[in-house]
Amino acid sequence: MGAETQGGVLMSVGVFVLGVVAVSAAVMGLWSDGSWRGAEARRARLVLGVGPGKVPVPAWRRGAKTWWEWGRARPEWGCVAVGLVIGLVGASVVPLVLGVCAVPGAARARRARAARRERERRGDAVIRLCGLMAGEVRAGKQPGEALVVAVRESAALPGAGASAAVVAAARFGGDVSGALREAARRPGAEGLHGLAACWRVAVDRGAGLAAGLERLASALQAERDQRAELRAQLAGPWSTVVMLAALPVLGLLLGSALGAHPLRVLLHTGAGAGCLVVGGALEAAGMWWAVRIVRGAEA
């Protein structure tokens with residue numbers, strides 16, 4: 001059997017495995033969605049004598065749900081799945097090894113995105129806190145009472161401990177500005193430093209707290225809008241980075257469509273392995289440099 005015939009057989013096996021996985025996923029989705037189990041559920045209730053919603057869930061379904069939730073929480077393990085598929089098509093273990101090696105980097109990127117979203121959410125909550133507190137003060141409430149109400153409604157303070165410390169200080173005459181500065185140490189909550197300054201000036205000198213809070217909220221809002229505008233302007237460079245990263249994949253697809261068998265050349269010949277190593281290193285260096293340029297512009 002020639003090399004091309006072996007490659008065709010392996011590709012057919014890979015496509016068959018992918019088809020089986022897709023059909024199995026569809027069947028599991030329909031089963032978990034409840035499309036096929038109406039009569040079975042009613043029969044189980046009659047036999048077991050349980051009411052609606054109390055049918056025991058099989059252990060294999062609980063395990064499947066747990067694995068599905070685990071996979072959704074850790075999408076970086078999709079690199080292993082992609083490496084496995086490419087390894088089946090190319091009849092090599094190298095793509096699987098590369099997929100496993102890519103998991104830490106993908107996990108780090110996922111955590112960075114989650115941290116950025118949390119930082120932005122906390123910054124929006126601080127702006128909402130300042131606006132709510134200014135409204136409560138203008139409505140006639142005392143600063144301490146207004147702060148307690150605003151903290152509860154805005155959820156701006158990071159963690160239950162910080163919220164409890166600020167609320168206790170506002171209620172019992174403690175160091176409110178110190179508690180706010182302590183809470184402002186978390187990423188995204190830096191605007192609480194301005195709130196602490198407004199509180200200290202209002203308490204020590206009797207200045208208007210509502211006016212200061214409104215100016216602080218306006219300044220924080222302007223800063224957030226500036227970041228959003230900068231992010232929109234950098235959408236083009238980020239798209240360019242993604243496109244450059246996808247060019248090698250496009251080249252492999254075009255080579256396969258033309259019948260050149262690029263995976264076989266890259267994974268089963270010495271020259272192809274050398275090209276793979278050098279090209280991967282250049283691709284990684286180019287991606288790192290492009291991301292550094294864009295990150296520098298964001299900073």
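Ser177 counts as buried because its relative accessibility is 8%, where buried means under 20% relative accessible area, exposed over 50% and partly exposed in between (1.4 Å probe, protein chains only). This is a predicted model, in which local features need pLDDT of at least 70 and side-chain atom pairs count only at pLDDT 80 or more, while totals for chains, interfaces and linings use all residues. Residues are numbered from 1 along each chain as its sequence is written, and side-chain values use heavy atoms, with hydrogens and water left out.

Let's stay with Ser177 for a moment. Its place is in helix α8; helices here are DSSP runs (H or I, at least four residues), numbered from the N terminus. The side chain of Ser177 makes a polar contact with that of Asp175 at 3.0 Å, a polar contact being a pair of N or O atoms within 3.5 Å, one able to donate a hydrogen and the other to accept it. Beyond neighbours within four places in sequence, Ser177 is in contact (heavy atoms within 4.5 Å) with Ala196 and Trp199.

| Helix | Residues |
|---|---|
| α5 | residues 94–138 |
| α6 | residues 143–154 |
| α8 | residues 176–183 |
| α13 | residues 270–298 |

In α6, the buried residues include Gly144, Leu147, Val149 and Ser154. The end C-alpha atoms of α6 are 16 Å apart, which agrees with the 16 Å that its 12 residues should span at 1.5 Å a residue; the expected span is 1.5 Å times one less than the number of residues.

Leu276 lies in helix α13 and is partly exposed, with a relative accessible area of 31%.

Note on methods: Helices (H or I, at least four residues) and strands (E, at least two) are DSSP runs, numbered from the N terminus.
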